[in-house]
Structure formats: C-alpha cells, structure tokens
Amino acid sequence: MRNLFGIPFPLIFFGVLTLIVIWSESSERRGLETHSPDVARGNYVDPVCHMEIGRVRSHDINGTEYYFCTEICEDLFIEDPDRYLENICIVCESEDVFTPLTGNGNFSTTWQDKRYDFCSESHRTAFLNDPGGHFLHTMWGIPNWLYYSSIGFILLISFGLFEWISENRPALKGANSQRINLMNVPKIRSLVRNPLTRFVARLFFVFFFVVVIFAGLFGSQISSNNIAPLLTWTLWWGGLIVVILYAGSLWCYVCPWDAISDWVEGFRFWGAKKKGLGLGLRVPKAFRTIWIAITLFVILTWLELGFGITMNPRATAWLALAILGAAFVSVFIFERKAFCRYACPVGRIIGIYSLFSPIEVRAQDPEVCRRCRTQSCYKGNAKGEACPTSLYIPAIKENTNCINCMECAKSCESDNVALNIRPWGTDHIMNHRVRVDEAFLALVLLVLAAFHGLTMTGLWREGLEKFQTNIGLGHTAAFSIAMFSLMFVPVVIYALLIGISYRLGVTTNHSYGQYFTRYAYALLPIALFYHLAHNSEHLLVEGQRVLALISDPFGWGWNLFGTAGQSFAPLVTLKTLWLIQVILVLVGHIYSLWAAKSVAHGMFGGSNATKSQLPILAAIVLFSFVSLWLLKQPMEMRSSSM
Amino acid sequence: MQNYSLKQFISVIALCIGISMPVWSHHILGTPHYAYDEEYPQTPILTYSAEQGSYDVNMTCFPGKPQPGDTTSLHFYIKHHETGGAFSDPVTLTVFRDELVGDDPVVYGPIEGHLEEAMFKFFPQFIEEANYTVRLEYVVDGVPWILDLPMVAGEPGSPWTVIGISGGGLAVFLIVIRAIRIKRNRRALRDQRAARNAEAAA
C-alpha cells in the first residue's frame, strides 16, 4: 500500500490523466457523431471566442451550422448571433469595414483560403505583416462549479483531512526509503556508460537548435509561418516542465548550448576530455551563487512578456544565440561547467524543480565511496570527465546541482553510481541542504509563473492601459513598474507570514532567515504544478500546429510532408483541459502541504511544528487560490501565430 | 531638301502631342503614382493610401527606399471622399524608430504641417538603418485620427551584420584565450627551468 503512493504514483497519475482525457474526449464526441461526423476531423473557428476547435458542440442557424468550444460560447451566440456574424476589421474590431458591397472601398485580403475585410489600408497592411498575430482568441477559464468545488477541496484538505492523515499516518514519510536503481539493468547500464549514447542524443537536439536558429534568422518573420517560435516557446519551454516532472534534469543531458560549447572547447565530440582549449580558471567565490541565473530569468520573463519575443522569430533566435554565447565564453574562461552551475536560468530552474523529480543520481553504497582513493567521479579519468558541476557523489543529498550528465557513472571504477527512481518530492521531505539564493529562486518561480498567467488575462491588459494613462508613461516603463511591483507583493506577504510563524515557534533555536529559507522550498510544488497547468494549455491547444509547420519550417512556401497551410484541431477540448489544470493545481497543493509539514517537523517536532506551520499553511492556501483564480480568468491568446 | 506638306507637318505635331500625353497622366488629381516598374526609370517613390473616416489619405515618399542618412520628402494628400476637397487644417507628423525591445524613440517631430499646394510636406531624415513608423495625426470635427505607416531605411532585416560582428567578436575572444594560454605555458616552462637550475645550483 505504501508503494502505491511511492514510486509507481507518477505513472498512476499519468494513467489517470490519460483516462480522464479519453473519457472526456469520447463523451464530447459522442454528442456530435449523430449530428455531424465531419466535425471530429475538422478545424473550425468558434465565432464567439475565435478559438480553433475540433470535436465540439454545434448549433444551426438559418441552415448554417456553427461550432463552439463550450456551451459558454454557444449560449452567447444564441443570445445575439448578429453580434458575432458581423463582418469586422480583424485588426481594430471596427464594424466599419469597407467592402465592395458597401461601395466604400475595398480593403480586403485572403489568408488561408478565407477572405478578410478591413477598415483601412493601414490595417490591411498591419494584418499582412503578421496575419497570425491578429487572431486573438479568448479561452474561457474554468467554470464556477469547478472553481468553487476546488476551493472547497483545498480548504478541506488543508485544514482538515491532511492534518488528520499526516498526524495519524507517519508512513507518508517512508517515501524516503523507496528506490529502484536503474543501473542494475544491464542494458540501461551499458547504454548510460557508452560515450556515444550522449553524443547521439545531443546531436539530435543540436539539429533542432540549428533549425530554430536558421528559421529565426533567415525564415519568414511572420511568426505563424515560422517554426522557431512554436518549437521554442510552446513545445520546448512548455514540454520542459513535463520532462522535469518525470525525468528531472534530463534536458541538461542533451542541452545543445552545453553540447556545442563543450564540443568546441574540448575539441572532441565524445569520450573524456583530456585537456580543453579554455583557461580553466576557478570561479571567484563571490559568483558561486545562482543570483546571476535568477537575474537572467527575471530579464528573460521581462523580455518575453513585455516585448513579445515569443512572437518574434528573429528575437527568439538571437536569444538562443546569446545563451550559447554566454555558455561559450564561460566554458573557455572557467573550469568545468560554471555556466550550468551558476548562471544558466534554464538549468537552475530545472535544478530546483528537480528536487521534486522521480530521478536521482546517488552513490549506491556510501561505504564503497568511503574506501575509494581515486575519487574519479569528482576528478575524472580516461573513461569519464570530472563532475562538471563539482559534485562529489557520496556527498550529494539533493538534485539541485546535478545535471544528470552521467559522467560519474562512466568514471567510477567500482560501478557504485546509482540512477534511482524514487517517489515524487523525495528531496522535499528530507532535511536537505538549503541556500538563500535557491529559496529566492523558488519564490521568483512561484511569482513569475503566476505573473505569466496574469499577463494573458484581459484584466491585466485593461489594468496596464489604465496604469499607463494615469502615470503618463510609455508601455515599457509602465509594464516594468507593474511587473516588478507585482513581483514584490507575494514575497512581502510570504515574509510577513513567515514572521508570524517565527513568532509562534519562538521557542526553537532557528533564526528568521532559516524559517524564510526552509519554508520557501515547500512552495515549489505549487509553482511546479501551476507551471504545468499553465503550460498544458499551450502544449495541448497550440502544440499540434507543429504538424503544419514541419512541412514549411521557414515560411518559404515549401510543402515537405503535404501538411503546410493546414490547421489541426487542438489535442483536447476546453472541458478536458479544465479538468487537467484543476487536477494539477490540487496535486501541487497537496505536495506543498506535505513538504511544509516535513519542514515543520524537521525543524521543531511536536506541537510547536503544527503551531508554527499554520501561517505557511495560509500562504500555501493563498497561493493555490491565486492559481485557481488565474485559471478561472478568460485568457486572451494569440495562439494562431504560435 | 525634301518639301513637307501641311498635312505631314500637322501629323508630326499631333504625334508629338500624342506622345506627350502620358506625361500628363502622371498627375491625376494631384497624386503622383510612380511605382517600382521597369517602364518608369525614375527613382521609386513609395506610396501608401488609406481611408480614414470621410477622408482618403495618400502618402508619397521620395526616395521610396531611403538609405541611412537620406533626407526624404514625405507628402500627404488628404481629400474628402465626396467633395474631393483637400483637408485644410494643420496635421502633425511624428516618426518613431521601431525597437525590438523597449519604447520606440521619436526620431522626427512631432511637427505641425500646413496645407501647401494641396498637400502637406515634411522632410524627415532617416539616420540609421532601421524600421520606422510614420505617424500622421489630424482632427476632423473634433475627432482625432491617427494613421501609422511603416517605413524602412536600408535593410535592417538582414541578420548578417550582427552575425558578422558576433563572429568577429568570438574570433577575437578565442585568439585572446589562446594568447593567454601560450603566455601561461611559457611562464610555467620558465618557472620549471628556474626551479631545475636552482636545484642544480644547490
């Protein structure tokens, strides 16, 4: 029974989600098959929210069938069909379009076999500059019943059931002892130790990296016609969180930035590096923190949300090249992988989220390591490189800095390196090493994941416009002030709640800083699962567009696989997506409660633990409410251009 | 010397007048419409037309493809749909340089223009190779109208300049790293030799 919620749980969870998708999709489809079987294949645009849809509901008006994402749009349409059938300018939404029929002019164009009319030549030009960018659609948030029942569930589990279960079932902590070592499987062991394995995996991803760079720099700059933005921001960035959830730092194993800089500096493609071409200087002590990575991550988000680089193929390519340049400079100046360990925003996000992941690299038997005189895992040998992030295998207690390169598995003469599968969140329930910079990264991740969702709501757009008007500043200044102000609010709330917690647990010897740092890690599961919930809408609603773009990745009019110019329905309906998102938020909440409880018991034990945990419980509940509230908001998406 | 009849003379004159007719057709209602056409060897003029409210707006820009540093002639013709009358109130022109990141800085204006020979004339200079937005603002019956038109100076879309600079920078970086390594190796050899000599002397 204990194992049911241990190692197999991630797979059970995935299976349950898959079943929910199948059930939800089949129930949606069932109603339509009698109505119009063609819809199951089709790609229709909901006239109300303008979302591209497939297997969804329809309504007949004057002999014409219209298709809708949900009953929300259907009801709105039935209430006032004329409002949604009027010909409007897609750029400014003015009803004053000029068509040959009105006799006022002819500002029209055809795109993807459909005619569009505009109010003026300048708006037609604006549309032609980026057709996909003008298909703003509204994606409805979760309905009220789901929102309120989720809130009820959170309150119940937070202040009732969870307290009772965890008090009476200390076995929940037993997850720490569960491990399966994959290196005991001979085929996996030989694959991991084979130097060509990593080379081939890296080469595969370097190929896609080169495609993104080439498409971004030399392809069409219309983002909907270029594969670079979709491949980078929807598939890679969205999929990265899923990979972390199931495979931890696997991305670092294949990372093209690291691969290219490593190949050039080491002057070889595989095998242990003998002597690189770089200077191999030690990183100055002051820079042996991840503040640089945190700063770069904030800047990246600022660029992404404030200036829409996600919609700009060339900016996407430049950004990828800039990160490659940074990795390149670092590998030539500093020893090992200083960039990966201290500065890479992607690597550090993966690292801290990997505390939750079900994969770890550890010493199989610490006694063997104690007897070891060579320390090849740290220093390297002819078979494997020195640990790129300066870790000594028997000393690894958490996943944060391990980049899963598996060089230690190659260099260890005693075959004592284990690649373990373990339950989710194992590092969180252990008394792992904590750092102030990592605690701040955890908070920044929580805040920016939520901020990301907020910027896609109409509330944000309207609020920012009002703010801009009131303070009389330009968009950049207003956006920057709003973003940085909003970043500080949750951190201040967290700091205040920690202050209360500190007061309640004052009998212990821990400082306020220790409270602040330790509890910040407990918020990571909320951030991770909200991140997943948010990205699932990108992956499942927009990801299928890659099928069309692989036929014409650069927007040069190719049709390599016969799919160019076609549109594909989203992988799931909106109702299924809602269910997935809510389940993810709730699971993240439960894991955060578990992590907070472990932190409290690890620090205090007994009744003091429960008492001092109450404020952090309030913080977890508050952040989960915010996550659900964000999911409830209609999202304004420009998905047609991604 | 051959004598020409009056009939022949009139025919030649008529032919000359006939040939000159296309010259007149360059100006229809005061709006030039030269285009990027092989038939017209003139420097291309960029034209935009737009319809805003009850007015038609036409912009011409000479040269049509300005190079960085060129001063251009921007002419705006604003005519009423029905009456054909020129818009006579002042208009304001502002030119922004389109930035990938950050606010678009104003590089020209805002400058008020007045009707002059049925058009509004401006002479902005596009100093840098970049994409620009030309913004025309005017008020009709108390309603403000804004018209944004795209303008390009040089070929800012080409990534080769940045690639070249980055590649050059990278090459210099690698040379510096190599030079430091050579210097470091020499120093190490020198130290080794000095140590050996000291050992031998001892």
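**Briefing: a predicted complex with chains A and B**

Among the elements that cover the buried residues of α14(A) are α8 (227-247), α9 (250-254), α11 (291-307), α13 (338-343), α19 and α23 of chain A, where a residue is buried if 20 or more other C-beta atoms, placed from the backbone, lie within 10 Å of its own. This is a predicted model, in which local features need pLDDT of at least 70 and side-chain atom pairs count only at pLDDT 80 or more, while totals for chains, interfaces and linings use all residues. Residues are numbered from 1 along each chain as its sequence is written, and chains are lettered from A and ligands numbered from 1 in the order in which they are written.

**Confidence**

- For the complex, the predictor gives an ipTM of 0.75 and a pTM of 0.77.
- Chain B has a mean pLDDT of 77, with 80% of its residues at 70 or more, pLDDT being the predictor's confidence in each residue, from 0 to 100.
- Within chain B, confidence is highest in helix α2 (residues 160-201), at a mean of 91, and lowest in strand β1 (residues 27-28), at 33.
- Over residues 20-42 of chain B pLDDT stays under 50, and the model has 15 contacts beyond four places in sequence for this stretch; two residues are in contact if their C-beta atoms, placed from the backbone, lie within 7 Å.

**Chain A: overall make-up and helix α14**

- Chain A holds 26 helices and 11 strands, which are DSSP runs numbered from the N terminus (helices: H or I, at least four residues; strands: E, at least two).
- Of the 642 residues in chain A, 44% are buried, and among its contacts with a separation of 6 or more, 76% are between residues 24 or more positions apart.
- Helix α14 (residues 345-353) of chain A is mostly covered, since 9 of its 9 residues are buried, including Arg348(A) and Tyr353(A).

**Chain A: two domains**

- The domain assignment, automatic or from a database, gives chain A a domain 1 (139-168 + 434-641) and a domain 2 (184-429), whose centres, taken over C-alpha atoms, are separated by 25 Å.
- Contact between these domains of chain A involves 41 residues of domain 1 and 42 residues of domain 2.
- On the side of domain 1 of chain A that touches domain 2, the largest share, 10 residues, comes from α19(A).
- That side of domain 1 of chain A divides into 24 nonpolar, 12 polar and 5 charged residues, with Ala, Val, Leu, Ile, Met, Phe, Trp, Tyr, Cys and Pro counted as nonpolar, Asp, Glu, Lys and Arg as charged, and the others, Gly among them, as polar.

**Sheets in both chains**

- In chain A, an open sheet of 3 strands has the order β8-β10-β9 with antiparallel pairing, two strands being paired if DSSP finds at least two bridges between them.
- Because β8 (180-181) and β9 (359-363) of chain A stand at the edges with a single partner strand each, one side of each is left without a neighbour in the sheet.
- Strand β9(A) is joined by 5 bridges to the antiparallel strand β10 (residues 417-421) of chain A, and Glu360(A) stands opposite Asn420(A) in β10(A).
- In chain B, an open sheet of 4 strands with antiparallel pairing has the order β3-β4-β6-β9, and the edge positions belong to β3 (46-52) and β9 (120-122) of chain B.
- Strand β3(B) pairs with β4 (residues 55-62) of chain B in the antiparallel sense over 7 bridges, and Thr60(B) in β4(B) is the bridge partner of Thr47(B).

Conventions: Buried ≥ 20, exposed ≤ 12 C-beta atoms within 10 Å, placed from the backbone.
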